[in-house]
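This report describes a strand pairing and a set of charged side-chain contacts in one protein model. Please look at the sequence and the structure before reading on.

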Amino acid sequence: MLPWSAAGSRNKQGEAYARQQVQRVTETSPPAPFPKPLLTTKAQAIAVVEPQLFPIYGKENVTNQRPYEAYFVNGFWYVAGTLPHHTVGGTFEIIVEAQNGRVWKLTHGK
């Protein structure tokens, strides 16, 4: 079970959860340093991850999970979908390296 919190009219997992997930993914293989990050804003991160998610989970499914949670954590973007309150189901979760857009984790809850 994921740790959901109510924020506005959508369920969110929160920044603390995002930080925990990035740490888990990167603890065994730290990212390579780059001189300047490719993804410097939330909008850029979302623009990079959406086209990767659409063919896997379906464009309608992914866009119905807007607004997304997006947190910059230790050189990574954690982006996840949200669900309306009292909705049963899961959302996507993706962690991408800000330096180069490399996907470190991609999953979808049920």
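## Salt bridges and their criterion

A salt bridge is taken here as a side-chain nitrogen of Lys or Arg lying within 4 Å of a carboxyl oxygen of Asp or Glu. By this rule the count comes to three salt bridges.

The model is predicted, and for that reason local features need pLDDT of at least 70 and side-chain atom pairs count only at pLDDT 80 or more, while totals for chains, interfaces and linings use all residues. Residues are numbered from 1 along each chain as its sequence is written, and side-chain values use heavy atoms, with hydrogens and water left out.

## A pair within helix α1

Helices (H or I, at least four residues) and strands (E, at least two) are DSSP runs, numbered from the N terminus. In helix α1, which spans residues 15–26, E15 and R19 lie four residues apart, about one turn of the helix, and their side chains meet in a salt bridge at 3.0 Å, N to O.

For accessibility, buried means under 20% relative accessible area, exposed means over 50%, and partly exposed lies in between (1.4 Å probe, protein chains only). E15 is partly exposed at 36% relative accessibility, and R19 is likewise partly exposed, with a relative accessible area of 37%.

## Helix α2 and its contacts

A salt bridge also joins R66 and E50, whose closest N and O atoms are 2.7 Å apart. R66 lies in the loop between α3 (59–63) and β3 (69–73) and E50 in helix α2, so the pair ties together parts that are 16 residues apart in sequence. R66 is partly exposed, with a relative accessible area of 40%, whereas E50, at 12% relative accessibility, counts as buried.

Helix α2 (residues 42–57) is also the place of V48, which is partly exposed with a relative accessible area of 28%. Between V48 and G101 the C-alpha to C-alpha distance is 7.3 Å, although the two are 53 residues apart in sequence.

## The β6–β7 hairpin

Strand β6 (residues 92–97) pairs with strand β7 (residues 103–108) in the antiparallel sense over five bridges, where pairing requires that DSSP find at least two bridges between two strands. Five residues lie between the strands of this hairpin, in which G101 takes a positive phi near 80°.

K105 of β7 is the bridge partner of I95, and the side chain of K105 meets that of E93 in a salt bridge (2.8 Å, N to O). K105 lies in strand β7 and E93 in strand β6, so this pair ties together parts that are twelve residues apart in sequence. Both K105 and E93 are buried.
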